[in-house]
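Keep the viewer open as you read.

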Amino acid sequence: MSQTLNRRQMLLASGAALLGAGALARTTQAAQKEITKTKKVLFFTKSSGFQHPAITRRDGKLGLCERVLSEIGKGLGFEVVPSKDGRLFEPDKIGEWDAFIFYTTGDLTTQGSQQEGPAHPMSADGKKAFLDAIAGGKGFVGMHSATDTFHSRGREIDPYIKMIGGEFISHGAQQVSNLVVTCDDFPGVKPFGKGLKLNDEWYSQKNLADDLHVIIAHDTRGMTGWQYDRPNFPETWARMHDKGRVFYTSMGHRDDVVENPLFQGLVMGALGWVTRGCDVDVSPNVSKVTPGYATLPTDNTPRKKR
Ligand SMILES: [Zn+2]
């Protein structure tokens, strides 16, 4: 158990059921000096490809998702700093962050077409420093188009894709999916129950790592579009990347999902876990809970842009 978390982070991240009052008291005592330490989180929202509405800034104002996460984070001991500036990943700057949240698209070492705000690309050194930082123990939370970022070329899987654990293929029309909870003790997941129906733009993914700990899966029966003509596959997952804790959820395209307390609780719970506010078993379960996960759908319609 980390000793650098504060009480609110710990309560949020662990939930009473997971941690128990005794452990809470012990950690609180042990962490007396550092109990008010705020975790610094870089929320990177640069779009080198398609720019999503939820992170689009208008008239100098933060995008909806940027606003929501920074505001909620504040109350939970996370200083969430939204930025589109890839220079923050330079080796001499990266150490200032405890964790990273990505809502990004495309090759972030390129400028892309984004117009608003300073959106300098990451350098190649910056990308390496970032991946090294995660492997070295910093936390990572990816949401929605984070898997539509740094695509693999040919058969070689991009090191970023290896880290996040999956790669966007395509999505169909926005629709209600039957989400199946496969790990209900992950922080923030309890309110989902055994599963629920949620309307969003759902990503079909490939290059799914074989060490994923699947938290929520799609029940693909009844989903519309060639993208989902495949066995059940992971929707939200966690994995270890060497010493770093990695979390990803494909939710978050629609504004009403970003505004949904379920989504917000899931992301904040994940932030608690990746910053070591609590421990939970994330041993690989992908082959067990989604045995056909590697069977990919066939694109039999003209390719649609995001
Ligand atoms: Zn989207």
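A couple of ground rules. This is a predicted model: local features need pLDDT of at least 70, side-chain atom pairs count only at pLDDT 80 or more, and totals for chains, interfaces and linings use all residues. Residue numbers start from 1 along each chain as its sequence is written.

**The chain overall**

pLDDT is the predictor's confidence in each residue, on a scale from 0 to 100. The chain averages 89, with 85% of its residues at 70 or more. The stretch to treat with care is residues 13-35, where pLDDT stays under 50. The model has eight helices and eleven strands. Call a residue buried if 20 or more other C-beta atoms lie within 10 Å of its own, exposed if 12 or fewer do, and partly exposed in between, with C-beta atoms placed from the backbone; 48% of the 306 residues then count as buried. Two residues are in contact if their C-beta atoms, placed from the backbone, lie within 7 Å. Among contacts with a separation of 6 or more, 78% are between residues 24 or more positions apart.

**The core**

A nonpolar core is a set of buried Ala, Val, Leu, Ile, Met, Phe, Trp, Tyr and Cys residues joined through C-beta atoms within 7 Å. The largest one has 67 residues, and V41, I101, V141, F247, V267 and L271 touch the most other members. Helix α7 (residues 261-274) is the top contributor to this core, with eight residues. Leaving out residues up to four places away in sequence, I101 touches V41, F43, F44, L69, V141 and M143.

**Helix α4 and its cover**

Helix α4 covers residues 124-135 and spans 17 Å from first C-alpha to last, close to the expected 16 Å (1.5 Å times one less than the number of residues). Its buried residues are G126, K127, F130, L131, A133 and I134. They fall within an arc of 155° seen down the axis, so they line one face of α4; the arc is that of the directions from the helix axis to the C-beta atoms. Their cover includes β4, α5, β10 and β11. Just after α4, G137 has a positive phi of about 130°.

| Pair | Sense | Bridges | A facing pair |
|---|---|---|---|
| β10 and β11 | antiparallel | six bridges | H241 and G244 |

β10 and β11 form a hairpin with two residues between them, and D242 in that turn has a positive phi of about 55°.

**Back to M163**

Is M163 buried or exposed? M163 has 21 other C-beta atoms within 10 Å, so it counts as buried. Not counting residues up to four places away in sequence, M163 touches L131, I134, H241 and V246. M163 and V246 are 83 residues apart in sequence, yet their C-alpha atoms are 7.6 Å apart.

Notes:
Helices (H or I, at least four residues) and strands (E, at least two) are DSSP runs, numbered from the N terminus. Two strands pair if DSSP finds at least two bridges between them.
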